[in-house]
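User: I would like to learn how to read helices and salt bridges in a model. Can you take me through some cases?

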Amino acid sequence: MDAARQCVLAVGVRRTTLAEIARTAGVSRMTVYRRFPDVRSVLSALMTREFGGLLRHAGEQGSGAKNSRERLVLIAVSGIRSLSGDPLFRTLLDVDPELLLPYIVERLGRTQRFAEKVVHQLLAAGHRDGSIRRANVGAQARSVLLLVQSFAFSLRPATTDIEETALMAEFAHVLDASLRP
């Protein structure tokens with residue numbers, strides 16, 4: 001996985017080959033083929049590992065929150081900052097943005113489902129502690145996911161003429177206000 005990450009950072013997803021991953025890892029192509037049927041499956045596993053790890057790290061940022069709503073907002077802000085600043089995510093957006101399009105307009109991927117599950121749990125906890133307005137938790141979770149996703153994908157161009165700190169403060173306010181009972 002580390003070799004695949006190095007290759008993607010060097011040349012992008014589309015130009016990364018199984019042979020180059022094997023060479024970078026110092027193993028034979030057959031060794032890689034024993035674990036993965038093709039380069040696409042290697043890259044899918046890499047994206048799941050990397051972005052899942054970023055989201056788990058973001059989840060730790062809400063540990064000092066006083067209630068579930070505040071925790072959710074802190075985690076969302078941290079998740080956006082982590083994703084938008086991640087070199088692998090940046091490379092995808094800069095070099096191979098068309099690969100992300102299906103995850104925006106066609107289907108949700110594993111990492112998106114993982115993030116939505118975390119949001120769902122936080123919303124349910126907020127319903128129980130009274131810090132989040134009651135609504136269909138599935139619809140709330142999907143809405144939060146879409147809001148967070150739009151900021152993560154667009155943060156860099158959105159901050160060319162607006163300070164990132166100010167924009168993220170506004171995002172936090174919007175999310176907090178939308179969830180407030």
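This is a predicted model: local features need pLDDT of at least 70, side-chain atom pairs count only at pLDDT 80 or more; totals for chains, interfaces and linings use all residues.

User: How many residues does helix α5 have, and what span does it reach?

Analyst: Compare the end-to-end reach with the expected span. Helix α5 covers residues 68-85, which is 18 residues. It reaches 25 Å from first C-alpha to last, close to the 26 Å expected.

User: What caps the N-terminal end of α5?

Analyst: Look for a side-chain oxygen by a backbone nitrogen. N67 is the cap of α5, with a side-chain oxygen 3.1 Å from the backbone nitrogen of R69.

User: How many residues of α5 are buried?

Analyst: Buried means under 20% relative accessible area. In α5, 13 of the 18 residues are buried, so the helix is largely enclosed by the rest of the structure.

User: How many salt bridges are there?

Analyst: The cut-off is 4 Å, from a Lys or Arg side-chain nitrogen to an Asp or Glu carboxyl oxygen. The count is 14 salt bridges. One of them joins D94 and R156 at 2.2 Å, N to O. D94 sits in helix α6 and R156 in helix α9, 62 residues apart. D94 is partly exposed at 44%, and R156 is partly exposed at 41%.

User: Is E116 buried or exposed, and which residue does E116 meet in a salt bridge?

Analyst: E116 is buried, at 11% relative accessible area. Its salt-bridge partner is R142, at 2.4 Å, N to O. E116 lies in helix α8 and R142 in helix α9, so the pair ties together parts 26 residues apart in sequence. R142 is partly exposed at 34%.

Conventions:
Residues are numbered from 1 along each chain as its sequence is written. Side-chain values use heavy atoms; hydrogens and water are left out. Helices (H or I, at least four residues) and strands (E, at least two) are DSSP runs, numbered from the N terminus. The expected span of a helix is 1.5 Å times one less than its number of residues. Buried means under 20% relative accessible area, exposed over 50%, partly exposed in between (1.4 Å probe, protein chains only). A polar contact is a pair of N or O atoms within 3.5 Å; within protein, one must be able to donate a hydrogen and the other to accept it, and residues adjacent in sequence count only if both atoms are side-chain atoms.
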